[in-house]
Structures are given as C-alpha cells and as structure tokens.
Amino acid sequence: MKSSVGLEALSVYVPRHFLELKTLAQANGVDPAKYLFGLGGRRIAIPTPAEDAVSMAVEAAARLIENYDVQKSNISLVIVGTESGVDAAKPIAAYVHGHLGLSNHCRAFDTTHACYGGTAALRMALAWATANPRLDQKALVICTDIARYDMLSPGEPTQGAGAVAMLIGHEPELFTLDPYPESVYTREVMDFWRPQYRQSALVHGHLSIDCYLSALESTYRAHLAQSGLRWEDFDYLLFHVPFPKMAYKGFCKLYEIEQSQRSPARALPPLESEFQKRTQPALVVHAEVGNSYTGSLYLSLASLMESGDSDVAGLRLGLFSYGSGSCAEYFSGQIGADAAAWRGKIGISRALSERVEIDHPTYRDLRRASEVALRGAPEDVAEHRSTHNLKHIAFYGIRDDQRVYGPVSEAARLTSGERTNEKTSGRA
Ligand code: HMG
C-alpha cells in the first residue's frame, strides 16, 4: 500500500481556433517583433461562445475519465480552480458534477485567487486525500479559464484559454509533490483584476511583472531553505506563464539568486544554456495557446509529460504558481517512473495538431458572439455553436436567466469551415 498522494492522471482541453500574433500585430499597427520576441508568443487560443469555462472544464474532465478508465463512483471531491466564474453563487464545479453524472455523495466547489486558484484547488485536494482513510476515493481538480483583455490593450496579445483536469489519489503514478513545508506568499496588490461587471481583465501590467518577480524570489528562497534542495536537483523549472517571456524573466531571477550564492569555482553554466535545458521545453505549448490563467502551470506539466523529446521518468521539477492580487507558492515534485505510459493520453499534442487558424475579422466576430451569448437567447449564437472541438457539452446561451448547455451533435462538430473564415493550414 502506498502512503503518498499525488496526481494519478492528467488531461487537457484547448480551443480549436488560434490567431497568429503576427496577424494581431498587423491589425493593431504594432511591430510584430514586439509580440513575437518582446513577449515570446506565437499564437493565442481563441474560444468560440460554445467554449466557456464550464464546457471546457467538462471536456477536460470527461476526457480524463474516458482515457484513464476512471470509475466515476470513486470520485468524491470536485474542485474547480478558476477566475472565469459564470455565476456569483453557483460554482463551475456544480455544473461539472452534474454533466459528468457523478455520485451525490461528492463535495463540489470552486477556488478563486486569480491564476493561483488552480494550485489552491490542488493543495485542498491533496490535503483531503491525505486525510481520507478510503484509499479508493479520488478527487478531481480542474483548472479552467478564458484570458480576455480589451482589444488594442497591452494585454491583448497575452490572451488565451484552456482547461486542465487532474485526478488526485493514493496511486500517484504520474506526479508526486515533495512533502516539504509549503513556501507560500500573500500580499494584497492591485496588479490585475476583473470586476464582476466586466468580461475582460484590467491590469497594471508593469506592476504585475514586479509583483510576480518579488513573489517568486520570496517563495523560491523559502523553498530552498526549507527543503535543502539545490539548483542542480531540479531537472526542470516550471513557471506560471502569462506570456513566455515572463517565464524567461522568472528564470533569470532564479539564476541571479543562485549565481550570487556561488564561488567562481562553482559558477553555473551560462544562463542561456541553462534556460534552454531547464525551462524552454515546457514553454512551447504557451507560445501556442497564450495565457490559460489557472491552468498555465499545469499545461507546462502536461506538455513536458507528453513531449516525445526526452524521457522524463523520475525527474524532479521546481514549480512556481502565481496569482495576481496576489498569492504565490513555490513547490517541487517528481514525475512517476512510468512516464512513457502517459504519452498520447494527456491530449496536448493532439489538441495542438487539430487546431485551425482564424483571421482577424473572425477573431473580432467570435469576441462579439461571446458577448451576445451572455445576453441573448441560445438561438442567437447558433451560428457559432459548431466551431470547436467539444465532444460532450457546449454552451448555447442564456434563457430565463439560466445558462443553457446542450449536447454536441457529431454532424455539427468540425464542419465549421463553411461557417467561419478559417484558414486551412492549422497544424501547430
Ligand atoms: P507593454 O507595456 O505594451 O509592453 O505590455 P512593453 O513596452 O513592456 O514591451 C514588452 C517587451 O517587448 C519588452 O521587453 C520590450 O522591450 C519588447 P522586456 O524589456 O520586458 O524584455 N519590445 C520589443 N521587442 C522587439 N521588437 C520591438 C519591441 N517593442 C517592445 N519592436 C505587458 C507588456 C506584459 C505589460 C502587457 O502585455 C500586459 O499587461 N499583460 C497582461 C499582464 C501580465 O501578463 N502580467 C504578467 C505578470 S502577472 C501574472 O502573471 C498574473 C496573470 O496571469 C493574471 C492572474 O494571476 O490571473 C496575468
């Protein structure tokens, strides 16, 4: 019998459409080099109205249950980490619970603290599993978000969307967190926020970068002091990735801390080679998807697990989770011994390879349609209902002040070429 708890399975959902940042830069009259090299992005995922935080969460979780043959009756906790809540009272976890058809003897709730909400959910689930004497009981943790900023704002090229589902239990074959004292950091700041009457976030962008880096330094130093781990112990350093260059800035901060503590004889290899080795491999997915808020850090884990480039079995990761507002945590953990078994099951490579490029007018239309879906009747958004990769449920719109979700008909799915101005070559 294993005494540890951790991740038993992982699954992702990424919207079908993407916009090239080059296209966005041209439309915004900005030098494309700013988005591509200044921010380090390449493409951003653009959800259709059918892909809201609920339908993406259901999709990621349903795929996890199907791909890993999870017994639904064993799931007795659902926590959704999100900052894209669809209702001030009813949590997304309640919708997920209902649509998955889980047992009534199951707790379901959301956790919110900007992008830290996913890690808060994971921590709660791990604590619950540790305390639960029933070893067959599992928790489902889902991170689901749509990162949306105003058009033409500095945040626009950092948009994105996606959902990550994780199964937590007593057979953590995929990933186990190290059991060190937690290295957390909370400081009330006004770096990024989204008032309840707005669909898009507001941000003091440069302040948010400073807050992220301060929280990183504090939690990293605390984690090293408490754990006794050293730089060399981390095979990969993963970060919350609002845009890829932010992870580079974070990496530079950690490198600087490390280098300042070393004698010349123990100097680290050059920064660029260390970055390419320890962080860059996990950033490829972020350059494709953009910011997925709560899911961002776990999308790095998913992409590392599924990348065929290297054998990641048994490797130790350092992970930094940051949520504006602000709350942050540095933690570490180890990938399981049978890592190769997860390839193809997590779904990230497939999701990226099935995507389709849209042009700027279509991007504008989809944004408008998402706004209409929140005001109008389900019929008003029918036009955009079919343009996604959802298999289980789609958001139809609002009727009688209630969100309407419906099945995704196979005929309607993936026939969107005629309906939107999709370009044909969408391979990532
Ligand atoms: P900005 O102010 O328009 O951009 O927006 P900038 O002027 O700072 O330029 C950005 C970079 O591009 C700079 O590089 C420029 O030099 C470079 P750096 O100095 O940083 O290395 N640049 C160019 N490079 C090549 N060719 C050019 C060129 N022009 C400029 N022609 C900002 C940038 C990040 C502020 C904006 O995108 C933004 O507000 N983003 C949203 C906020 C954000 O992502 N913050 C990150 C930390 S907070 C966080 O991670 C939490 C979050 O995920 C939310 C949550 O917790 O829920 C956001």
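This is a predicted model: local features need pLDDT of at least 70, side-chain atom pairs count only at pLDDT 80 or more; totals for chains, interfaces and linings use all residues.
1. The volume of the largest cavity is about 80 Å³, and the structure holds three cavities of 30 Å³ or more. Its lining draws at least two residues each from β3, β6 (138-147) and α12, with α12 giving the most, four residues.

2. Helix α12 deserves a point of its own. Spanning residues 360-375, α12 has 16 residues and reaches 23 Å from its first C-alpha to its last, close to the 22 Å expected at 1.5 Å a residue. Its buried residues are H360, T362, Y363, L366, R367, A369, S370 and A373. Among the elements that cover these buried residues are β2 (17-20), α1 (21-28), β3 (43-46) and β16 (393-399).

3. If you are looking for open space, turn to the largest pocket, with a volume of about 1000 Å³. It is lined by 38 residues, of which E83, S84, G85, V86 and R194 are the closest to its centre. The elements β10 (192-193), α12 and β16 each supply at least two residues of that lining. Here too α12 gives the most, with four residues.

4. Now to the nonpolar packing. In soluble globular proteins, nonpolar side chains tend to be buried together. In this model the largest nonpolar core has 89 residues, and L7, L10, M166 and I168 touch the most other members. Helix α3 (residues 53-67) gives the most to this core, with ten residues. A second, separate core of 41 residues includes Y35, Y212, I257 and A328.

5. Which residues does I168 touch, leaving aside those up to four places away in sequence? They are G6, L7, L122, A125, L126, A129, Q137, K138, A139 and V141.

6. On the cysteines: a search of the whole structure finds zero disulfides. C143 is in no disulfide, and the nearest cysteine sulfur, that of C115, is 10 Å away. C143 is also buried, with a relative accessible area of 0%.

7. G325 and S326 are joined by a cis peptide bond, with omega about 5 degrees. S326 sits in the loop between β13 (316-323) and β14 (327-335).

8. Two residues other than glycine have a positive phi. For D69, phi is near 50 degrees, and this residue lies in the loop between α3 and β4 (75-81). For Y293, phi is also near 50 degrees, and its place is the loop between α9 (284-289) and α10 (296-306). Is each of them buried or exposed? D69 is exposed, with a relative accessible area of 68%, whereas Y293 is buried, with a relative accessible area of 4%.

Key: Residues are numbered from 1 along each chain as its sequence is written. Side-chain values use heavy atoms; hydrogens and water are left out. A nonpolar core is a set of buried Ala, Val, Leu, Ile, Met, Phe, Trp, Tyr and Cys residues joined through side-chain atoms within 4.5 Å. Buried means under 20% relative accessible area, exposed over 50%, partly exposed in between (1.4 Å probe, protein chains only). Contact means heavy atoms within 4.5 Å. The expected span of a helix is 1.5 Å times one less than its number of residues. A disulfide is a pair of cysteine sulfur atoms within 2.5 Å. On a 1 Å grid over the protein atoms alone, a cavity is a set of points where a 1.4 Å probe fits but cannot get out, and a pocket is an open set with protein on both sides within 12 Å along at least five of seven lines; lining residues have an atom within 4 Å of a point. Grid points are joined across faces, edges and corners, and a volume is the space filled by probe spheres set on the points.
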